[in-house]
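What lines them, and where do the lining residues come from? A short briefing follows.

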Amino acid sequence: MQPLGPGFRFIDRQTEIRAVADAPRGAGLHVRVADRFDNAGDRPLHSLEARLPEGPTFGSQNLRVTVDGREVSPQRVNDADRRLMRAPFDPVWEQHQPREIITEWVWMPEPAGRGTFAATAEAFYIADETALPLWQTPTGVFARGGPDPMDSNLTVVAPPDYRVLAPGKPLKPGTIGNLVAHRFKIRPKEDFLPYVVAGRYLEQKPRTPQVEVSFWTLQPLDGQQAQTAAARLASSMQAYMDFFGPASKGKTGLRIVEAPGDLPAEFGEPGDAGSGSFPGGVLLDRRALTQGVANESILELAEYELARTWFGWRVRPAPEDQILMGRGVGLYGLILAAEGRGSDERNRMVAFLLERYDESRRVAADRRLLEPPVGYSRAERISTGYRAALFFAALEDLCGRDNLRSAFRRIVRVRGGDEVAHEELRAAVEAASQRDLAEMFRTWLNHSGIPDEFRARYSNPPGTRSGN
């Protein structure tokens, strides 16, 4: 078929990730991404644009880009999106010709970073859905192309005593010197975007009836604590699968992993225990493990991160919907998990989040649930995030649990691997419930505060954990 606009076919991607023990500021990660394309458009291309995980001034070292073996200097596209870079072609990329672009850099963890990657002498991880270059479709009518390759392989190079977890189908490992090359075949539209967890971990697998739970830690866990936490989190994971639908094909397991280094506390104080997510798993830092994996606040941290498997990894919230469809759904997961333990537990959890919302508003007022490009302050994201979770509780009350469940399952099934926005949420819930939700969405999304009717329903029911 004759192309009608500019574009390319993304043929394949070969990614290699390995720890660098002798990096300038300690342990780092060397990432090498080799991408092959065909010019499948109706004209030559002078450049391609990519959104990089880290630009030259964002904590990465030695960023290097080559096009067909020739080194090029990546150019920043604009100041509004500092991660958007342009790879120029010299000579131009003619129709029907192949191109290979290799991007490599050394990733160094930053003290004030988002906690999406880290490396020490004992372990490393990458847990960021935008961890690799995202190639952009050329500008033009009937343009074709995009960030997803037709074929993809991932190689994780690690010491022989490391456990390694990554997406895709494991292939036969190889060796590179005294290191092991763990190879994975990434299946298009089936596997999550690349993530890696690796380290000298001890594994504990308490017996659970629903979902297999394993703990990867650098020191042994107390057996009883691990058993208690595993039972609770297996139940929560089952509740999420029942409500959101399957996150991926095949057997579902759950891993709780000790992160090397401290993670940011998304809703707590800067020095509080931190957490992170990867598909089907949770990262907890040493402060969380010191409190104990069966501690209620740590279990809630884990449940919040588990919900991000669906809305954060399987479905990616659109930029302005990060609070509503990201943080909000994650916190709503606490309500779903509590609901699995009984209706009284659900109401207590809603009341608890309402208390947290009121406490956070004393620090910073909540804003619109649709975050503008300039962003909110950390305190504003916290108060607005709590209101986002309460919005979903109100939506469940108005439309019915089964209808909201049907809408969420449809979004995950139809939009898996893509971005999703609040308009699609509203359309899915209206279709399931046969209700016009324009007024409710307008009230909750565009105005701060909690409606009086909702507050009266959930303020201080019996057993509320006031002050915790």
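The residues lining the largest cavity divide into 7 nonpolar, 1 polar and 1 charged. Here Ala, Val, Leu, Ile, Met, Phe, Trp, Tyr, Cys and Pro count as nonpolar, Asp, Glu, Lys and Arg as charged, and the others, Gly among them, as polar. The model is predicted: local features need pLDDT of at least 70, side-chain atom pairs count only at pLDDT 80 or more, and totals for chains, interfaces and linings use all residues. Residues are numbered from 1 along each chain as its sequence is written, and side-chain values use heavy atoms, with hydrogens and water left out.

**Cavity count**
- The count comes to 2 cavities of 30 Å³ or more.
- A cavity is a set of points on a 1 Å grid over the protein atoms alone where a 1.4 Å probe fits but cannot get out; lining residues have an atom within 4 Å of a point.
- Grid points are joined across faces, edges and corners, and a volume is the space filled by probe spheres set on the points.

**Largest cavity**
- It holds about 60 Å³ of space.
- Its lining is Ala50, Leu52, Val65, Pro74, Met85, Arg86, Ala87, Thr103 and Trp135.
- Strand β7 (residues 84–93) gives the largest share, 3 residues.
- Strands (E, at least two residues) and helices (H or I, at least four) are DSSP runs, numbered from the N terminus.

**Second largest cavity**
- About 30 Å³ of space lies in the second largest cavity.
- Its lining residues are Ala229, Leu233, Ile256, Leu284, Val293, Ile298, Leu299 and Ala302.
- Two or more of these residues come from each of α1 (223–244) and α3 (296–307).
- The largest share, 3 residues, is from α3.
- By class, this lining has 8 nonpolar, no polar and no charged residues.

Terms used
On a 1 Å grid over the protein atoms alone, a cavity is a set of points where a 1.4 Å probe fits but cannot get out, and a pocket is an open set with protein on both sides within 12 Å along at least five of seven lines; lining residues have an atom within 4 Å of a point.
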